[in-house]
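Thank you for making time for this. I would like to walk you slowly through one structure, so please keep the picture in view while I talk.

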Amino acid sequence: MEEIKFSEKSLALVNKIIKRYPEGRQKSALLPILHVAQAEFDGWLSPAVMDLVASILKIKPIEVYEVASFYSMYNLEPVGKCLIEVCQTGPCWLRGSDDIVEHLQNKLNIKVGETTADGMFTLKTVECLGSCGTAPMLQCGAKFHENLTTEKVDALVEDLRSANARSSYMR
Amino acid sequence: MGKKLLTANINIPGIETFDVYRKNGGYASVEKALKTMTPDEVTEEVKKSGLRGRGGAGFPAGMKWSFLDRKSEKPRYLVCNADESEPGTFKDRYLMEKIPHLLIEGMITGSYALGARTSYIYIRGEYMYIVRILEKAIEEAYAAGFLGQNILGTPYSLDLYVHPGAGAYICGEETALLESLEGKRGNPRLKPPFPAVAGLYAAPTVVNNVETIAAVVPIVNGGGDEYAKIGIGKSTGTKLISASGHINKPGIYEIDLGLPVEEFIYSDEYCGGIWKGRKMKAVVAGGSSVPILPADLILKTAKGEQRLMTYESLADGGFVSGTMLGSGGFIVYDETACIVRNLWTFARFYHHESCGQCSPCREGTGWMEKVLHRIEHGHGHMSDIDLLVDVAKKIEGNTICPLGDAAAWPVASAIRHFREEFEYHVKYPEKVSNPKHFEIEPFRSEKKLEAVGA
Ligand SMILES: Cc1cc2nc3c(=O)[nH]c(=O)nc-3n(C[C@H](O)[C@H](O)[C@H](O)COP(=O)(O)O)c2cc1C
Ligand code: SF4
Ligand code: FES
């Protein structure tokens with residue numbers, strides 16, 4: 001198996017992040033570094049990637065696994081190039097998030113939790129993202145798409161498809 | 001119209017940059033504090049202001065600061081809680097995105113008061129684009145000499161960092177936040193010890209909400225007494241309210257505490273009334289965790305007094321007929337909203353977000369979600385309604401952290417005030433089979449519907 005490693009740019013960032021915490025507290029850097037890792041390695045955290053992070057932070061692999069499995073933004077399985085996350089909590093539901101989810105399911109021809117056959121889109125529902133005043137909304141990578149209508153969703157999906165974009169929280 | 005202490009300059013073009021922020025009076029509190037005040041004098045002003053924590057619990061900020069163990073040999077920390085994940089709350093995001101230097105200024109002035117040499121802003125991972133905004137602003141503040149070694153030539157030095165979480169509401173609870181900041185799962189700690197004694201890395205720590213820390217800026221600039229002149233009684237100053245749901249003008253409003261609830265909902269300066277000319281059915285006044293109130297009780301207390309936007313007035317009547325100001329997440333429901341479905345989304349949320357340490361919370365939130373799902377989808381039994389009340393009661397007060405209570409209160413209050421709507425779901429399963437049932441045929445309980453111009 002090919003050895004995985006961070007690009008030089010990411011490694012510089014990782015080292016910068018570690019320095020934010022006091023001596024001997026490098027484990028504090030775990031969450032931010034997992035974000036860097038997920039962005040670098042195709043949007044998900046494989047065991048090999050988690051082991052790499054553990055070795056950099058000089059902690060046990062289990063300390064990384066237990067954290068990665070706790071937080072909902074870390075994907076422990078491969079996802080599509082674009083992860084579309086639609087908020088479905090009360091305030092968004094009041095303004096029509098059910099319609100947005102249904103529209104996306106029909107448009108992408110997948111159910112929530114699934115990935116399109118071409119590997120382009122994964123559709124997920126999430127809980128309140130702090131955009132209730134501009135509901136309904138979805139997040140794709142770092143970007144929030146707010147005050148959604150089905151037309152806006154169509155345009156977004158077309159844009160992402162034609163750009164063949166990969167979503168990332170880090171951009 | 002109230003004074004805008006936090007948002008007066010928020011729409012000035014370029015206010016997110018250091019230069020524009022500084023030209024508009026920014027960083028004055030840092031100059032004043034570091035050059036003319038002792039740390040204890042800063043804390044004293046915050047005490048005098050009566051400022052209460054804006055993250056939800058409303059604990060007096062000055063008192064919290066004075067509890068910080070200053071005798072410890074360990075370093076002290078100020079940690080900003082920017083986890084903002086309480087459904088219905090989006091005010092911290094607004095401040096950080098539009099006027100990031102205000103939070104940074106408050107962090108510097110606050111850290112000085114507490115004697116912290118390193119401080120962190122813990123922000124929910126989903127707000128990653130705001131991490132970039134804050135980091136850019138922090139870089140500018142370093143370059144201008146407001147962060148780093150010997151700030152403004154004084155002996156005081158401070159480093160400030162932004163730390164992203166990764167999707168977990170529970171990390172808003174302050175001890176879970178500290179665990180997460182240490183690189184662990186967000187499991188709340190048993191208290192005591194409190195963070196003021198053993199917080200981050202077991203060192204004395206103050207955790208404050210974004211809005212609380214931002215409010216330190218006008219308090220130091222204008223004096224605590226001036227700040228305390230705004231508001232009523234123990235509810236001093238201004239508060240950011242995140243308004244969402246079935247209103248004409250959702251958004252963030254900075255109000256003087258003490259504003260009548262009715263004015264907040266119906267005035268064009270604020271929510272602008274209920275959308276589509278409909279009637280108001282209910283309000284959740286302080287984020288999803290606080291009790292829901294029917295329209296009649298949100299506008300007037302059970303005693304018939306006008307309800308005000310203060311900690312005390314919203315709580316009037318206790319859990320029987322009152323609610324809480326909480327985080328200021330103000331969610332409005334019109335007559336077509338289904339209280340059961342809304343509650344089901346909340347129960348699903350709490351189940352999803354329970355950290356799983358305590359069985360009443362872990363199991364209870366799951367049960368409540370399942371039972372509510374079945375009632376909402378027309379498969380409920382009459383006995384389910386009391387079952388929900390019973391489960392909620394068994395969670396409340398029996399858990400390590402308040403997430404358990406936060407999951408229980410919405411259930412207990414929705415059934416207390418809207419029991420007939422739950423019964424309707426059980427009695428007429430065919431009518432609720434369409435998810436939009438009350439949009440087709442609103443469920444009316446005239447006594448609780450607020451009559452607007454009708
Ligand atoms: C489950 C739970 C979630 C919370 N989420 C937040 C949050 O997102 N932001 C926040 O400032 N406080 C939150 N709190 C409150 C914090 O525990 C803490 O009281 C607050 O950060 C203290 O700051 P303040 O006194 O300035 O409000 C939460 C509490 C609980 C129990
Ligand atoms: S009450 Fe719930 S969220 Fe809080 S510690 Fe217990 S299980 Fe975790
Ligand atoms: S409920 Fe969707 S962003 Fe808050």
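Predicted model: local features only at pLDDT ≥ 70, side-chain atom pairs only at ≥ 80, totals over all residues.

Let me begin with a term: a salt bridge is a side-chain nitrogen of Lys or Arg within 4 Å of a carboxyl oxygen of Asp or Glu. With that rule, a search of the whole structure, over all chains, finds 37 salt bridges. The background is simply that side chains of opposite charge can pair when their charged atoms come close.

Residues are numbered from 1 along each chain as its sequence is written, chains are lettered from A and ligands numbered from 1 in the order in which they are written, and side-chain values use heavy atoms, with hydrogens and water left out.

Let us turn to chain A. Its secondary structure comes to 7 helices and 4 strands, where helices (H or I, at least four residues) and strands (E, at least two) are DSSP runs numbered from the N terminus. Along the sequence these elements of chain A follow the pattern α-α-α-α-β-α-α-β-β-β-α, and the C-alpha atoms of the chain fill a box of roughly 50 × 35 × 25 Å along the principal axes. Within this chain, A:K107 forms a salt bridge with A:D154, and their closest N and O atoms are 3.5 Å apart. Because A:K107 lies in helix α6 (residues 97-108) of chain A and A:D154 in helix α7 (residues 150-163) of chain A, the pair ties together parts that are 47 residues apart in sequence.

Next comes the interface. How many residues does each chain bring to the contact? Chain B brings 59 residues and chain A brings 42 residues, with contact meaning heavy atoms within 4.5 Å. Together the two chains bury about 4000 Å², of which 58% is on carbon and sulfur atoms; buried area here is the accessible area (1.4 Å probe) that two parts lose on being put together, summed over both. On the chain B side, B:A166, B:R185 and B:Y201 supply 16% of the area that this chain buries against chain A, more than any other three residues.

Across this interface of chain B and chain A there are 5 salt bridges, and B:R348 forms a salt bridge with A:E127 in which the closest N and O atoms are 3.3 Å apart. The largest share of the side of chain B that touches chain A comes from α15(B), with 8 residues. By class, that side of chain B has 29 nonpolar, 17 polar and 13 charged residues, where Ala, Val, Leu, Ile, Met, Phe, Trp, Tyr, Cys and Pro count as nonpolar, Asp, Glu, Lys and Arg as charged, and the others, Gly among them, as polar.

Now, please look at ligand 1. Of the 18 residues around it, B:G55, B:N81, B:N208, B:N209 and B:T212 come nearest, a residue being near if one of its heavy atoms lies within 4 Å. A polar side-chain atom of B:N81 lies 2.9 Å from an oxygen atom of ligand 1, and an N or O atom in the side chain of B:N208 is 2.8 Å from an oxygen atom of ligand 1. The shell around ligand 1 divides into 4 nonpolar, 8 polar and 6 charged residues, and strand β4 (residues 205-209) of chain B gives the most to it, with 3 residues.

Finally, some backbone details. A cis peptide bond joins B:K191 and B:P192, with omega about -10°, and another cis peptide bond joins B:P192 and B:P193, with omega about 0°. B:P192 is found in the loop between α8 and β4 of chain B.

Notes
Polar contact = N/O pair within 3.5 Å; in protein donor to acceptor, adjacent residues only side chain to side chain.
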